[in-house]
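Try each task before you read its solution.

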Amino acid sequence: MIHPDLPINRTEEDTLNRGTFARSLARTLTNYSLTSSLTVGLYGAWGSGKTSLLNMVLEAVEETDPSAVILRFNPWICADASQLITQFFRQLSAAIRLKKPMGERTWELIDQYAGLFELANLIPGAGGVIAASGGLLGKIAKNRIAARGKDLQKSKDQIVEKLMEEDIKIIVSIDDIDRLSEDEIVAVFQLVKALADFPKTIYLLAFDYQVVVKALEKVQHGDGREYLEKIIQVPFEIPAIRLNDVHQALFSKLEAILGDIPEERWDKATWAELFRYGMRPYFHSLRDVIRFSNVFMLKYELLKEETDPVDLLGLTCLQVFEPRVFSGLPEQKDRICGTVQTYSTEQRNAEEEKGRKAMQALLGVSGSVTDQDGARSILGILFPRIREAAKIRIGTGRIYASREFLIHRNIAVPQCFDRYFALCLDSDDLPSALTRELLFETDEEALEEGIMAIYHQGKIVPFLEETEAYTGQTGSLKIPPERGAIVIRGLCRCWSRFEVDDHSSFALPFDWHLLYIVDPILKTIDAQERFSLIQSFFEEEAVSTATLTLLLNDFEVQQGKGNDGAAAKADA
């Protein structure tokens, strides 16, 4: 299932081993006994898990001290700095009322305090607006602000007195401060330092340190670090995520998606090299894992029958983390798919130069790709042709083998390449799942019907090429002898009905496709059964004379070669 990029809420969901830190910090907070307020800063970059850690800390606080008033304040719900301050006190009042319903006077006082801020509009920058009005109106406004300021201080003093009397401990978490506007960032810190520095009140502030420092320097026109040091009494850098934990989280996600994928469909050696040399540098946080696994899950569900899972993982990594490289691949298809099919040194050098240019075009200039080495390695593993051309040294590296690559629907096969970029199989493509079903599962009648349907769709040559590729396989991909006999009979019955233009100077004679399938399959069948099968061809009316002649000539040629070999041995 799709996983939203949301923080965890409970320690039991933690996969990064941060529960110990969260519980330790929670104990420190609950044991805090001074009457003054305390401000704790949790510093971490985007995606470092600040919100998840906050949730675990507050969960531990609730378990350790159920009487503590906890306020999870979200400044994002506020439209501006003025509303931020007012809403904070409104929510604090509600939190106290919920936890301490008998302390009626406390939450009422805080509610009144919030009302005074609404009336006075006392927010950072307001003084500048008033001063600019000038004249009599400006003096009147200043007098009113001064009067309301006295009311605010009086109201705050009453709150402090009541909190001390009721012995109420308050813990406030404020997250994502670094994502607020600059004025709102300043408003949060003024709130914590001056407006709501109540006794026995602890603030947990989570933000990206560098971002907030820059914002404070711009608004305060001073040293942002110095400003923060006056406010944050206990700074904590979020514990660095261990990459091994991130990788284990990724493997767990992939295990859930791929499930019980057949062993023959999983190229373990290629996956090991792909992850080690190509994908690993891109995963630094759980957010990276979630983004990647969500995209891969969708692609795999759509294309799992028509693509190789390891190749799809590598391509998805480029799509998520190197979109520029991913979008450029279709334009380079002719340069990166297949292999160099020439023995001429001059032509080989020319083909290798094409591969190098393709790599240069995909990776672009320095700085246009997030990780040059990672992207280069992924491309080299997915496309052996450019790995050879660009002289990329990656582990053992897989060698392009047309039959094996076709059967496994690898992206480097020209006729399989486009499938990896589609939301569904193109209508001109032959589904690999259909080929497997016809070769391994259907009865003779359904096989013949399926072969003729493929022929009428104009896809008979791709079907024959893929069938030929299966004849040389081992294990579960090998066509069993009993199935091989059915496949041969089905093809022989249909063969005379095929009309295929093979008059091109470079086209393989169409009839050779039948021989390339029949010969290796016959070798897997027991000699006596093989003779009976061949004999049955000549007894079947459905097999045309032309097809029988083709097979007979082939048998005679092979037999002749066998006699020549025997004679040569005798002479020796």
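**Exercise 1.** Which residues are linked with R493 in a network of salt bridges?

*Solution.* Before starting, note that this is a predicted model: local features need pLDDT of at least 70, side-chain atom pairs count only at pLDDT 80 or more, and totals for chains, interfaces and linings use all residues. Residues are numbered from 1 along each chain as its sequence is written, and side-chain values use heavy atoms, leaving out hydrogens and water.

Step 1: apply the criterion, a side-chain nitrogen of Lys or Arg within 4 Å of a carboxyl oxygen of Asp or Glu. The network then joins E444, E448, R489, R493 and E540.

Step 2: take the pair E448 and R493, whose side chains meet at 2.7 Å, N to O. E448 belongs to helix α22 (residues 444–456) and R493 to helix α24 (residues 481–495), so this bridge ties together parts 45 residues apart in sequence. Helices here are DSSP runs (H or I, at least four residues), numbered from the N terminus.

Step 3: turn to R493 and E540, which also form a salt bridge at 2.7 Å, N to O. E540 sits in the loop between α26 (527–539) and α27 (545–571), so the pair connects parts 47 residues apart in sequence.

Step 4: check burial, where buried means under 20% relative accessible area, exposed over 50%, and partly exposed in between (1.4 Å probe, protein chains only). R493 counts as buried because its relative accessibility is 15%, and E540 is buried too.

**Exercise 2.** Find where E306 and R419 lie, and decide whether they are buried or exposed.

*Solution.* Step 1: the structure holds 19 salt bridges, and one of them joins the side chains of E306 and R419 (3.0 Å, N to O). Step 2: E306 is in the loop between α12 and α13 (309–321), while R419 is in the loop between α20 (414–417) and α21 (432–440), 113 residues apart. Step 3: E306 counts as buried at 8% relative accessibility, and R419 counts as buried at 6%.

**Exercise 3.** Describe how helices α10 and α12 are arranged.

*Solution.* Step 1: the axes of α10 (residues 243–258) and α12 (residues 286–303) come within 10 Å and cross at roughly 15 degrees. Axes are lines fitted to C-alpha atoms, for helices over the stretch in contact, with angles from 0 to 180 degrees between N-to-C directions. Step 2: this makes α10 roughly parallel to α12, a label for angles under 35 degrees.

Key. Helix = DSSP H or I, 4+ residues; strand = E, 2+ residues; numbered from the N terminus. Parallel < 35°, antiparallel > 145°, perpendicular 65-115°, else oblique.
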